[in-house]
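Here is a friendly tour of one protein model. Take a look at it first, and then we can walk through its surface, its fold and one of its helices.

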Amino acid sequence: MTETAVLLDKTQRGIVNQVVHNHCEIRGWTWYAVNCRSNHCHVVVTAVDYDGEQVRDQLKSWAKRRLKDHQRAQP
């Protein structure tokens, strides 16, 4: 890990769930399950022509962006 661990609250977990669903839809990936916990997230998808590391990295990257956007929007 290159950054400090983050514990996700209910709102943040919802953001991560939405990111997974949206990104899978954009990429044409089939998602079967998403389970975001306070300190990690399980995702089951079929992503033809992508290896697991690429899928993980893309989902993590987009989730991190959206969580930072949410954090900046808070008063």
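## Surface and burial

Of its 75 residues, 23% count as buried, meaning under 20% relative accessible area, while exposed means over 50%.

This is a predicted model, where local features need pLDDT of at least 70 and side-chain atom pairs pLDDT 80 or more, while totals for chains, interfaces and linings use all residues. Residues are numbered from 1 along each chain as its sequence is written, and side-chain values use heavy atoms, leaving out hydrogens and water.

## Overall fold

Along the sequence, the chain reads α-β-β-α, with helices (H or I, at least four residues) and strands (E, at least two) taken as DSSP runs numbered from the N terminus. The C-alpha atoms fill a box of roughly 40 × 25 × 20 Å along the principal axes.

## A look at helix 2

Which residues of helix 2 are buried? They are Val-55, Gln-58, Leu-59, Ala-63 and Leu-67. Seen down the helix axis, these buried residues fall within an arc of 155 degrees, so they line one face of helix 2 (the arc uses directions from the axis to the C-beta atoms). They pack against helix 1 (10–27) and strand 2 (41–46), with contact meaning heavy atoms within 4.5 Å.

On the other side of helix 2, Glu-53, Lys-60, Gln-71 and Arg-72 are exposed.

Technical notes: Buried < 20%, exposed > 50% of the residue type's maximum accessible area, 1.4 Å probe, protein only.
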